[in-house]
Amino acid sequence: MRKFFVINGPNLNMLGTREVEIYGKMGLPEIEEYTRKVITSHDKTIEQTWFQSNSEEEIINKIHELTKENIEALIINPAAFSHTSVAILDALSILSCPIIEVHLSNTNRREEFRQRKITAKSSTAVIEGMGYKVYALAILSQILK
């Protein structure tokens, strides 16, 4: 079984109801379901574990836990923490697996402060601006190597 872990940061639990013109109408459970279906259609041996927290501390602790796991890759949407959290950057630096950072919107077309992604410095790749599809694309990027 190939394991992928998905971490979602603050306010992503509110997807589908907040700023739908930017983030779309799908909630996080629907995005997870879509991603599972797409990935399963390509490879039935993929295991996905999803986690969401509005707490920087909980996200860091989860990343620390992953150092003991045998995961193929981490997919992370740090959300607003990507622009502010050196602590998450440092935690990601501990991991030895590929890290794919995702963002639903194209942060390069948004406010200037969103264009700087601190956490991306520890990421293998960044996929953004493709809405709910970014999660499936991130996992596919690793299984289609």
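**Group meeting: a walk through the predicted model**

Let's start with Ala-79, which sits in the loop between E3 and H4. This is a predicted model, in which local features need pLDDT of at least 70 and side-chain atom pairs count only at pLDDT 80 or more, while totals for chains, interfaces and linings use all residues. Residues are numbered from 1 along each chain as its sequence is written, and side-chain values use heavy atoms, with hydrogens and water left out. When I say H or E, I mean DSSP runs numbered from the N terminus: helices (H or I, at least four residues) and strands (E, at least two).

Back to Ala-79. Its phi is positive, about 55°, although Ala-79 is not a glycine. Ala-79 counts as buried because its relative accessibility is 12%; buried means under 20% relative accessible area, exposed over 50% and partly exposed in between, with a 1.4 Å probe and protein chains only. Asn-11, in the loop between E1 and helix H1 (20-23), also deserves a look: its phi is near 70°, a positive value in a residue other than glycine. Asn-11 has 37% relative accessibility, so it counts as partly exposed.

Now, the helices. Which residues of helix H4 (residues 86-94) are buried? They are Ile-88, Leu-89, Ala-91 and Leu-92. These cover an arc of only 165° around the axis, so they lie on the same side of H4; the arc is that of the directions from the helix axis to the C-beta atoms. Among the elements covering these buried residues are helix H3 (56-66), strand E3 (73-77) and E4.

H3 and H4 themselves pack at an angle of about 10°, with their axes 9 Å apart. The axes are lines fitted to C-alpha atoms, for helices over the stretch in contact, and angles run from 0 to 180 degrees between N-to-C directions. On the H3 side, Glu-56, Ile-59, Ile-60, Ile-63 and His-64 meet Ala-87, Ile-88, Ala-91, Leu-92 and Ile-94 of H4.

Next, the inside. A nonpolar core here is a set of buried Ala, Val, Leu, Ile, Met, Phe, Trp, Tyr and Cys residues joined through side-chain atoms within 4.5 Å. The largest one has 25 residues, and Leu-15, Ile-39, Ile-75, Val-102 and Tyr-135 touch the most other members. H5 gives the most to this core, with 7 residues. A second, separate core has 17 residues, including Ile-63, Leu-66, Ile-88 and Leu-95.

Where is Thr-107? You will find Thr-107 in the loop between strand E4 (99-103) and strand E5 (125-128), and it counts as buried because its relative accessibility is 3%. Its side chain makes a polar contact with the side chain of Lys-117 at 2.8 Å. A polar contact is a pair of N or O atoms within 3.5 Å; within protein, one must be able to donate a hydrogen and the other to accept it, and residues adjacent in sequence count only if both atoms are side-chain atoms.

The side chain of Glu-128 makes a polar contact with that of Lys-117 too, at 3.4 Å. Glu-128 is in strand E5 and is buried, with a relative accessible area of 19%. Its C-alpha atom is separated by 4.5 Å from that of His-103, 25 residues apart along the chain.

Conventions. Contact means heavy atoms within 4.5 Å.
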